[in-house]
Amino acid sequence: MTKYIPGTSPDGRITRRWFLQGVGTIAVTYSAGAGGILSLTGPSAQAADDDKVKYIHSCCTVNCTSRCHLKGHVKGGRIVAVTPGRLPGRDDYPSACLRGMSYAQRLQDPKQRVLFPMKRVGERGEGKFEQISWDEAFDIIATKLKETREKHGPQAASFWTMSGNLAKLAWESTTRLGFTFGGTTYSSEGLMGDHGASMGMELVFGQQRGGHDTRDYMNSKLIILWGRNLADTHTSELRYIIKARENGAKVVVIDPRQCSSAAVADQWIPIRPQTDPALALGMINYMISRNLHDVAWLKANSCAPLLVRDDDGQYLRIDSAYAVWDEKSKKVVPVGTAGADPAIAGEYVGANGVKCHPSFVDLAREAAKYSIKTTADICGLEEAVVEQLAHEYATMKPAGIRMGQGMQRVYNAHTPFRAVATLAAVAGYIGVPGGGASHMGGTASINPIPGVTVPDFNFAEWANTGGKPRIQKSSSQFYNMAENGEIKFLWIAVSNLINQSPDANRVIKKVLPNIPFIVDVDPFWTWTGKYADLVLPGKTHWEVWDVLVRSPWVMLDQPAIPTMGESKSDCEICTEVAKRIGLESLWNKTDEQWVRTFLTSKHPAFAAFKWDNFVKEGIFARSDGIFDPVFSFKDQKYKTPTGKFEFYSEKLKRFDQQVPTYTRMLEDPKGERGRKYPLVCINYHDRLNVHSQHMLYSALKLVQSEPLVQINTTDARARGISDGARVRVFNDRGSCVLKAFVTEGIVPGTVGIANGWTPDQYIEGNNQNLTHLTLNPVEEAISQTNSAFYDVLVEIQNA
Amino acid sequence: MSTKQYAMVIDTTRCVGCQTCVVGCKINYQVPGNSSLCRVETIGSKQMYKPTGTFPHPVLAFRPLLCNHCVDAPCVKNCPTGAMHKDANGIVSITRDVCIGCGTCIRSCPYGMPVLNQEKKKMEKCDFCMERVEVGEKPYCVEACPAEARIFGVISDPNSELSRLVATKHAKPLTPEYGTRPSVYYI
């Protein structure tokens, strides 16, 4: 893949020119005598006599949710093998997937790495760079930052991160530099497309995460993986789904694709993309109309009995208290009145003649639009399948749902999680063993020790921004801000921004050209790097001192191999720049000193903590940790405005979305646009990679060597497309060319391209040429728009 | 003839086809090129990841494959140099110094499992991670499998955990009619 052409410069010095085809074409000129080049081919001199295997641990810090503890087998200065690391207190849990193991291969491949600070010498995107010294790089950045501050104010400098490395220092350094400088940072969840889940969770549960430990499904009779391909995207949990199934639970997968998880499921329900809220509402209607809903649970723990005013749709209040209709006293009383039996149906009149009704009436009315037939029609399912699912969900008690972000990368992204969680509430499955509508399946896993007020980690110094406000804007506004000329300086770290954001043509042609200076820090050459003015060599989690908190554990990253080229950690780079812009007092530690500082708390959970053991084992288990399966909302307490599970949102009344609703997708195959572009293109997450990480190494090529577009046999036949044919996928925003994978395992009318493949791996283009960023007023009102990566229409033809 | 026989049970009902076993083995043994010492197939399908049957009821299932460490291993019988041998623990392994890379073992193996290391011009095959097993560790593929679909043990002892598993789950070797008496059993 990568050509390496040594050459000679005019002055006779040896130069090394690398043509990196890993990201299209990048030609980089490295000067001679660069110390680090010797370490390119592997062990440094000191490592050569070190041929005994030693074990160095690390935490896999890519953003797949699992964050596995890894055991690196290091020999002669190289990681030669990676196996699962031990998790104290959980002997059942060690995990390392094909991605985590092969990552070690990629990071030790100098041809993949950015080895030295590189300055662009061609046009942006052309891929021509030459090596400069770190001092020169730092001086350029410092000068640009000072200029930006003087001419436009510090906020004109933007510091952009995504989720490329979740360890504390790597993930936060660039943002912290932004804070301490007074610059602009971003809440990246919107643009990256995970925020619909958070919004949906927040609306109903009052918190963005929560759910059941996967082991808790041993208590379930039915498990629904809803838009969650857990086998590939939360691999460490797979074994517990399998055990639960072997324990007698039925496992159902709801997904437009017959994903890997479907191979260990009892049933695949091939739902049409974007129609998940309709299925949830149809199931709710089935339950309510057959009296299978859990009235007692709804009365006690949800907003169902809370009265809503007919006139303005806001909750009725008695003074500041929410109100219910008491069936016993036949009057409106404050919620929680002792002995009251609140109604969840009917029409009532409160004080001053205000007409009102329990909020459950609105939910039931909305759900009533979704008969089995209507639901089946919308979702593209057989009526019998919908009916069986609804019936089994209501009667196989308890049933647990694991939700996945796959269903929320749509317009109105807040709706899918909201609707599915509401379904679980109507069944009375929230906060009960074996139930839930879980996001991630993670939950707090420490027991607070009574009376302890000292913080568990000593983050105070790191959190100090020198009195500067923490400016964090919605990432959904990032494109507009750049196009409006508000961004004069951009620092990108832990993010392959172009590859993982919608509408690449807009980014390349409109967003980035309006930003005068761009620096990109990354261990690897990326599509984004090609458009930067400076590309700085970052480090990976096998090369740095860093720490990751995954309660009840704390995990350590430490250098396992010699430095690749002249790479530096994100924190080291920020520290050097900080020194040059007058922020040295806030950036006065080495990475190792920061990590040691974080772990100096006097919290009793860390009484047994010893640094030397931490380095040796790479992991520490807190003494207050919970290692048994836990689940959220056991206490039926919710941080919503009403303090209840809140399917009725008064703030969404103005959008006529006070209860979960189903609206047709923005790019509707049955609408006008669908006549030209009839196929929905989803951008699923696959076994091979997390976002654009892990791509390109030889071991993984064995599994799949290039991107493929999955297309149903029927759709392929109608277009004369055969398996393996080169096809062009296109719409009016752009196109990409890749090979077709013709299969029965995808819903007709839908095509799927796995997320993360980069342009050089395509025959031409990239799937992000097809996607779009369309701001959604409801999502902006709640928080920020979530990229609707799966709300995309395309057409396909042989290329 | 060995008296001890290491063996593996693979529960295909647990396999999601992720190929962590394949990739883990390949990386940890630094097998070059597109070769690997084990592989995964999609059951009933010629093409990996392509289900059988038709929409909306296609069937997707996987089967990992590796050296069967046969009791009557044709690769051992036919190896012209004696490089391929059956060890006292029942593992079929190669003495690489002796191997001439002639490929007779590939042609002999009805399961097609040995591979040629193009760089070393020697045959490579799964040896059940003998070095690891001898110090009480599990083979890489067993340790790495996120589905716990692979169970490693000793089948020569009828009371071993593995022997009991084979009996209770009615695990069967793949294509026993080849007559090589494989030591890998499938559920």
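Two strands pair if DSSP finds at least two bridges between them. The legends below apply this criterion to a predicted model.

View 1. Strand β20(A) pairs in the parallel sense with strand β21 (residues 437–439) of chain A, over three bridges. Within this pair, Ser438(A) of β21(A) is the residue opposite Arg402(A).

**View 2. Burial of strand β20 (residues 399–403) of chain A.** Five of the five residues of this strand are buried, so β20(A) is largely enclosed by the rest of the structure. In a regular strand, side chains alternate between the two faces of the sheet. Both faces of β20(A) are covered. On one side lie the buried residues Ala399(A), Ile401(A) and Met403(A), and on the other the buried residues Gly400(A) and Arg402(A).

**View 3. The contact between chain A and chain B.** Chain A supplies 34 residues to the contact and chain B supplies 31 residues. On the side of chain B that touches chain A, the elements giving two or more residues are α1 (20–28) and α5 (140–144) of chain B. The most come from α1(B), which gives seven residues. By residue class, this side of chain B comprises 17 nonpolar, nine polar and five charged residues.

Methods: Residues numbered from 1 in each chain as written. Chains lettered and ligands numbered in written order. Predicted model: local features only at pLDDT ≥ 70, side-chain atom pairs only at ≥ 80, totals over all residues. Contact = placed C-beta atoms within 7 Å. Helix = DSSP H or I, 4+ residues; strand = E, 2+ residues; numbered from the N terminus. Nonpolar A, V, L, I, M, F, W, Y, C, P; charged D, E, K, R; others polar. Buried ≥ 20, exposed ≤ 12 C-beta atoms within 10 Å, placed from the backbone.
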